[in-house]
Amino acid sequence: MLLDAGGDYDGLTFTDERLSGQDGREARFPDCTFVGCVLDDAELAHARFVDTTWTGVRASALDLSSTAWQDGGWTDCRLGAVQAYGSRWTRVHVSGGKLDYLNLRDATLEEVRLTGVVVDELDLARVR
């Protein structure tokens, strides 16, 4: 599957997809499931994820800047450098897995839980 900037992906399941380097900026992912996908260097800035889950997703670097996450979560993901600055997370649960670097600078977090996940570096400057 190919991602399109500004695309709508309502209710889709992405299983073992290689989405590396694809441009999904400003895309909408309501009620989606990502399982075992590879997102190395994927551009997802300004995307919106509602009721969306990621399980076993892998990426060495990932642009999630200014994204919106609501009522979803990440489970057992292995992510390197995640640029999620300026994002908004509402009722998001991250469990298991490992994040080498998570940049949440200038983000807004409401009811966010991280359980059993290893985070090597976490940037929370000016988080609300």
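Which residue forms a salt bridge with R88? Select R88 and E110 together, and you will find that E110 is the partner, with the closest N and O atoms 2.3 Å apart; a salt bridge here is a side-chain nitrogen of Lys or Arg within 4 Å of a carboxyl oxygen of Asp or Glu. E110 lies in strand β12 (residues 108-110) and R88 in strand β10, so the pair ties together parts that are 22 residues apart in sequence; strands are DSSP runs of E with at least two residues, numbered from the N terminus.

Before going on, note that this is a predicted model, in which local features need pLDDT of at least 70 and side-chain atom pairs count only at pLDDT 80 or more, while totals for chains, interfaces and linings use all residues. Residues are numbered from 1 along each chain as its sequence is written, and side-chain values use heavy atoms, with hydrogens and water left out.

**The sheet**

Now select β4, β7, β9, β11 and β14, which in that order form an open, parallel sheet of five strands; two strands pair if DSSP finds at least two bridges between them. At the edges you will find β4 (42-43) and β14 (118-123), each of which pairs on one side only. Zoom in on β9 (residues 78-83), which pairs over five bridges with β11 (residues 98-103) and also over five bridges with β7 (residues 58-63). Within β9, R78 stands opposite R58, L79 has L99 of β11 as its bridge partner, and Q83 has N103 of β11.

**The core**

Next, select F29, L44, W54 and W74, which touch the most other members of the 33-residue largest nonpolar core, a core being a set of buried Ala, Val, Leu, Ile, Met, Phe, Trp, Tyr and Cys residues joined through side-chain atoms within 4.5 Å. Strand β10 gives the most to this core, with three residues. Around F29, leaving out residues up to four places away in sequence, the contacts (heavy atoms within 4.5 Å) include L3, Y9, F14, L44 and F49.

The structure holds nine salt bridges. Select R105 and D123, whose side chains meet at 2.9 Å, N to O; R105 lies in the loop between β11 and β12 and D123 in strand β14, so the pair ties together parts that are 18 residues apart in sequence. D123 is buried, with a relative accessible area of 12%, whereas R105 is partly exposed at 31% (buried means under 20%, exposed over 50%, partly exposed in between, with a 1.4 Å probe and protein chains only). Finally, select R78, K98, D100 and D120, which are linked in a network of salt bridges.

Definitions and conventions:
Helix = DSSP H or I, 4+ residues; strand = E, 2+ residues; numbered from the N terminus.
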